[in-house]
Amino acid sequence: MLGLLPTEYWNYKISDISHGLTATLRKRKPNGILKIEGIGNCIPVRSARAAIVIAIKALGLPPGACVGTSLYSCPVVFKAIKAAGCTVRFIDVDPDTYCMSADDLLAKISQIDAVIAVHMFGHVCDMPRILEAAQGKPIIEDCAQSLGSSLNGRMAGTFGNVAVFSFRSGKYLSVGEGGALYSNNDKLFSELARLVSVLPVPSHMEDCVHVIKTYLRSILRSKPLWGLIGNRLWFMYNKSTNFLEKTPLVTSQMFKSDIAITTDRLATINYLIAKQRANADYYTESLILSSSTVCHEKPDVFYNRYLYPILLRSQSDRDTLAAYLLGMRIGTIQPYKDISEIASTYYEYKGDCPIAEQIAMRILVLPCYSTLKQSELHRIAYCTNKALQILSSTDENFKNTVPNEQF
Ligand SMILES: Cc1ncc(COP(=O)(O)O)c(C=O)c1O
């Protein structure tokens, strides 16, 4: 489908290949750091999932400890908890933020040894209430999606004991892979740095192959290849590969190429956030959405608008809207739609997070990235409104108007 607009922006150009390859030739700095504005010095590590494993180890939790995290979350978080030798206790989410519910955390806190508070979509968990509900148990903040978001003037990542960040392609900086660890506790910071310093170092060859693979994946994820072939390849891969194989967890130091590109792009983060927030504001003003279909910022909250999720009335409305937009050459994502199935199959989820289950079936993410053109934004808003109007009129013939394109 020529011209299909991808939902995410995988930013990796020819110039990044030469930048990345040059960086692979430099000597690795021992105890290198990444500076994140508003946060401080962070320790680079292979990925956010590896960072979670390291964070759990640094907290010194006993083997088999129980870590509470929200069910509506990226499932690699569960994988990382298990890889660190712990078990997962699932917490429901707050419908105002799609992040962890402080009330459900409080109800389950006696069964939990530590908490991973995931800031979804660039939103921020209600951290003052999460801290209260955690009753002194250690908290890891998962800021993989919330780089630059804040609450009451405090950056996401500065409330808990440890914070993890992700720079993986598809995330805000989209550098290939890469993550970072932060703690404002000196002792914990030193322990995190020590644990990272003894991790295996990727070889020069692995780093070079990673640069080339990242470039190829990124062009397959971009116009025009995404519509011509990338989308189909991605669909086939997802269908033929199970969750455990799909998201490998490698605990190593960060690729030198990723460190170099992350360092450069961190300098542009405020500009990128301003652009994406403007796109999100445009949608919020233009889309015919009821107040419950979009997460508004409350006073003193600043969302980076990494993604723009809308909550539809039902799974069928969500799927119909997605199919309609696809027919209009607009890609969308139904993030974590199979999360309760993954959690039950691999992580002993017992079905006690009803709000998260509902949300997972009804959320659709629209493209919101910084490089969208004004004309593309208008087209997305126009087509979404058209579909929403027909859906709200409950016109039974609507489904017949949906292009019959299957991916
Ligand atoms: C909320 C969340 N946590 C953790 C991760 C893991 O990040 P990474 O891909 O850098 O391991 C991701 C994304 O994959 C994520 O979305």
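Visitor: Which of the 14 residues around the ligand come nearest?

Guide: Ser47, Ala48, Arg49, Cys74 and Ser166 come nearest, where a residue counts as near a molecule if its C-beta atom, placed from the backbone, lies within 6 Å of it. This is a predicted model, in which local features need pLDDT of at least 70 and side-chain atom pairs count only at pLDDT 80 or more, while totals for chains, interfaces and linings use all residues. Residues are numbered from 1 along each chain as its sequence is written.

Visitor: How do you know which helices supply residues of the shell around the ligand?

Guide: Helices are DSSP runs of H or I with at least four residues, strands are runs of E with at least two, and both are numbered from the N terminus. On that basis α2 (48-58) and α3 (76-83) each supply at least two residues of the shell.

Visitor: What makes α3 largely enclosed by the rest of the structure?

Guide: A residue is buried if 20 or more other C-beta atoms lie within 10 Å of its own, exposed if 12 or fewer, and partly exposed in between, with C-beta atoms placed from the backbone. Six of the eight residues of α3 are buried, so the helix is largely enclosed; the six are Val76, Val77, Phe78, Lys79, Ala80 and Ile81. Among the elements that cover them are α2, β3 (66-70) and α13 (339-347), contact being taken as C-beta atoms, placed from the backbone, within 7 Å.

Visitor: What makes the largest nonpolar core a core, and which residues touch the most other members?

Guide: A nonpolar core is a set of buried Ala, Val, Leu, Ile, Met, Phe, Trp, Tyr and Cys residues joined through C-beta atoms within 7 Å. The largest such set has 116 residues, of which Ile52, Ala55, Val164, Phe165 and Leu181 touch the most other members. To this core α2 gives the most, with nine residues.

Visitor: Why are β11 and β12 said to pair?

Guide: Two strands pair if DSSP finds at least two bridges between them. Strand β11 (residues 162-166) and β12 have four bridges and pair in the antiparallel sense, with Val164 as the bridge partner of Leu181 in β12.

Visitor: How do you know that the chain agrees with a compact globule?

Guide: The globule rule is 2.2 Å times the number of residues to the power 0.38, and the radius of gyration is taken over C-alpha atoms. For 407 residues a compact globule would have a radius near 22 Å, and the chain has 21 Å, which agrees.

Note on methods: Contact = placed C-beta atoms within 7 Å.
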